[in-house]
Amino acid sequence: MQFIKPLFLLLPAACLSAQLWAQAPVVDVSSSRSDAQSGRGMEGEMYQQLQLLRQEIMALRGTVEEQGHQLRQLKQQSLDRYIDIDRRLGAGGSANSAMGDTTEIDPSMTSPTGDAEMPESSNQNAPAATAAASGSSFVLDGNESSDYATAYDLVKSASYGQAIEAFLAYAEKYPAGRYTPNAWYWLGELYVAIKPQNLPASTEAFQRLLTDYPDHGKVPAAMYKLGTVYFLNGDKKKSQEMLTHVIDRYGNTGNSAVNKSREFLRKNF
Amino acid sequence: MLIRIITALIFLAASSVSMADLTIEINKGKDDPVPIAIVPFGWQPGLTVAEDIASIVESDLHRSGQFAPLSRTDMLGRPRNSTEVYYRDWKSLGVDYVVVGTLSQEVTGTVTANYELLDVNTQRVILTGKESVSIDKPRYLAHTVSDKIYEKLTNIRGAFRTQLLYVSAVREGGNRTRFRLLKSDIDGANESVLFDSREPIMAPTWSPDGQKIAYVSFETTRPAIYIQDLRTNARTQLTSFKGLNGAPAFSPDGAKMAMVLSKDGSPDIYVMDLASGDLQRVTNHFAIDTEPAWMPDGKSIVFTSDRGGKPQIYKVNVSSGAVERVTFDGDYNARARVLADGLGLVMVHRENGNFHIAVMDLKRNRVEILTTTNLDESPSVAPNASMLLYATQYDGKGVLAAVSIDGGVKYRLPSRFGDVREPAWSPFLQ
């Protein structure tokens with residue numbers, strides 16, 4: 001108890017001196033020493049100063065951690081921005097013209113479902129994409145991956161008409177290509193997204209995927225989409241059969257096409 | 001929606017009579033739960049089962065928030081198997097799925113449920129199941145059926161057969177408080193007292209196999225960590241170091257225990273090898289390091305520390321001791337628990353001076369606040385990461401509450417007596 005009392009009295013003095021240290025540390029230490037007459041007071045003051053130092057270090061540590069975090073965030077943001085600008089430059093003016101368009105392409109369906117949808121090295125495809133933007137048309141003059149990326153960029157920039165041509169050209173150029181099933185899938189989607197819709201062509205594209213690549217990862221989604229295309233075409237019976245088939249066949253897999261099929265059946269039948 | 005909630009509440013009010021000390025009220029549901037009908041199970045003549053199996057299944061699925069069970073009074077028939085089901089009837093009631101079943105006794109002393117799950121839209125049986133349990137465990141039978149149906153329809157492992165630990169404090173005459181460590185089924189039924197003391201009990205936690213628990217007890221008037229075997233109820237005192245002995249956490253392989261000790265000065269994180277008793281100091285800082293929780297790989301531990309001036313979550317590599325800060329949103333983040341997949345944390349997060357439960361996505365570094373009440377604490381996650389339990393205040397009493405990991409479903413589990421705190425959701429039990 002006797003130890004705590006002088007410590008308590010010293011507290012305001014120590015706090016005050018802490019403020020003064022910021023200006024003249026050396027002078028202040030010697031002056032505060034003269035305040036503490038006894039050895040016990042010295043000890044108390046040392047303890048107090050240690051506490052203050054600890055608090056100061058903790059506060060500084062917190063600031064450093066937060067600034068480091070902000071730096072990492074800024075770095076990431078500037079990288080994202082660069083990639084975004086790069087992509088937009090590649091897509092050219094087509095992105096602007098498509099701004100007002102309402103797209104019917106379901107974004108959740110376009111996300112990769114485990115299969116290779118987009119080649120990973122999208123940066124390398126920048127030249128190909130730029131080529132597409134240079135004229136009103138696109139050029140497939142790269143390899144399998146970069147050509148697919150060129151066509152896919154057209155989807156992203158909502159140039160659906162051009163995207164259809166690009167995917168058709170892609171399917172012709174690479175009949176056994178790694179992304180050819182994806183190209184057929186996109187064609188099926190795109191024929192519904194354009195105006196006017198071309199439902200027979202969409203049906204054909206989806207059927208092509210289902211018959212040529214029955215084990216491909218996009219098959220459940222294509223089946224679901226085909227079911228909805230049948231419905232749009234007025235063929236309710238076929239639509240119901242197809243959607244029921246999706247639920248039966250993929251009910252265990254957790255594929256999002258199953259829930260979508262269920263929902264579609266519930267709403268429309 | 002409102003009608004659905006009201007019918008649900010009436011149903012729950014009716015069913016809560018059979019429950020033990022915890023009663024469940026759902027106060028917020030998902031916007032579009034899947035409509036499902038659980039038809040009362042038929043039974044073999046002469047067989048008596050102490051519980052209404054279909055009603056328990058109904059309440060399990062309802063509590064998950066992902067299903068909206070059809071009220072029994074609205075059912076147009078009571079089919080016992082799929083051949084008796086008229087799909088058109090169920091379709092007109094707007095139901096997507098129907099569960100039918102019968103109870104029978106195939107072996108003396110047991111009860112068997114044969115049940116089917118039907119998809120009304122496709123008019124097909126999508127699951128056929130058969131489960132047998134001892135006749136005195138009808139609730140377990142019902143929870144098993146719930147798990148199978150839930151798994152079939154959501155592709156997420158069901159957690160209806162899990163259990164819950166919590167601490168209750170009851171004021172008794174003469175300024176004395178009685179503390180109890182309680183265990184119940186996850187729906188509040190089958191409550192039992194594991195340990196009873198005049199001194200505080202804190203921080204109960206499960207071993208990964210669900211066969212042992214650990215907690216802090218002040219029975220010697222000083223905090224000490226105890227391990228209790230749930231099969232034998234045998235208790236062993238694990239630590240009694242000078243100063244704090246707190247926040248025990250079994251490692252994912254069950255071989256080690258992380259804990260907080262202050263024997264060397266300020267509270268730091270230590271790891272004890274349970275076989276040898278060897279102690280390893282994992283953090284060493286003059287600030288307070290506390291509330292350890294293991295990452296699922298067992299290689300690192302997340303903990304709360306105020307080494308940066310304010311309580312935040314940090315992660316330490318157990319072998320190297322390297323520390324990195326995990327949380328940066330807000331000026332208070334504490335008491336983290338890790339989701340089973342290691343991709344997220346739940347924690348106590350302060351915003352505008354209120355303490356809420358928040359979930360943090362460790363991949364995207366995003367924090368989402370799940371609760372709207374104040375003074376929320378001690379989050380504990382279901383082993384399938386679908387829901388979490390936490391302690392909060394309601395009507396001036398400590399109660400337990402649950403919220404789904406997406407924040408869409410909330411319910412309270414008010415205790416009939418005393419304050420209840422520190423829920424700990426068990427792992428999957430065999």
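In which order do four strands of chain B form an open sheet? The legends below take that view first, and every view comes from a predicted model.

**View 1. Four strands of chain B make an open sheet.** The order to look for is β19-β20-β21-β22, and the pairing is antiparallel. At the edges you will find β19 (289-294) and β22 (323-325) of chain B, each of which pairs on one side only. On average, neighbouring strands of this sheet are turned by 30° against each other, direction ignored. Now look at one pair: strand β21 (residues 312-317) of chain B is joined to β22(B) by three bridges, in the antiparallel sense. To see one of these positions, find B:Val316, whose bridge partner in β22(B) is B:Val323. As background, strands of a sheet pair through backbone hydrogen bonds, either parallel or antiparallel.

View 2. Start with strand β16 (residues 256-261) of chain B, which is antiparallel to strand β17 (residues 268-273) of chain B, with six bridges joining them. B:Lys256 has B:Asp273 as its bridge partner in β17(B). Six residues lie between β16(B) and β17(B) in their hairpin, and in its turn B:Gly265 has a positive phi of about 125°. Next, β17(B) is joined by three bridges to strand β18 (residues 279-281) of chain B, again with an antiparallel run. Here B:Met272 stands opposite B:Leu279 in β18(B). The hairpin of β17(B) and β18(B) has five residues between the strands, and B:Gly277 in the turn has a positive phi of about 80°.

View 3. Stepping back to chain B as a whole, you can find four helices and 31 strands. Chain B has 430 residues, and 44% of them count as buried. Among the contacts in chain B with a separation of 6 or more, 44% are between residues 24 or more positions apart.

**View 4. Helix α11 of chain A is mostly covered.** This helix spans residues 219-232 of chain A, and its 14 residues reach 20 Å from the first C-alpha to the last, close to the 20 Å expected at 1.5 Å a residue. How many of the 14 residues of α11(A) are buried? The count is 11, and among them are A:Val219, A:Pro220, A:Met223, A:Tyr224, A:Leu226 and A:Tyr230. A:Lys225 is also one of the buried residues of α11(A). After the helix comes A:Gly234, which has a positive phi, near 90°.

**View 5. Chain A touches chain B.** Here 16 residues of chain A are in contact with 16 residues of chain B. On the side of chain A that touches chain B, at least two residues each come from α3 (39-91), α12 (236-250) and α13 (256-268) of chain A. Which helix gives the most to that side? It is α3(A), with eight residues. The residues on this side of chain A divide into four nonpolar, five polar and seven charged.

View 6. The average pLDDT of chain A is 73, and 68% of the residues score at least 70. Over residues 1-34 of chain A the pLDDT is below 50, and this stretch has 25 contacts in the model beyond near neighbours in sequence. Residues 94-104 of chain A also have a pLDDT below 50, with 12 contacts in the model beyond near neighbours in sequence. A friendly caution: where pLDDT is low, the predicted coordinates should not be read in detail.

Note on methods
Residues numbered from 1 in each chain as written. Chains lettered and ligands numbered in written order. Predicted model: local features only at pLDDT ≥ 70, side-chain atom pairs only at ≥ 80, totals over all residues. Buried ≥ 20, exposed ≤ 12 C-beta atoms within 10 Å, placed from the backbone. Contact = placed C-beta atoms within 7 Å. Expected span 1.5 Å × (residues − 1). Pairing = 2+ DSSP bridges. Axes fitted to C-alpha atoms, helices over the stretch in contact; angles between N-to-C directions. Nonpolar A, V, L, I, M, F, W, Y, C, P; charged D, E, K, R; others polar. pLDDT = per-residue confidence, 0-100.
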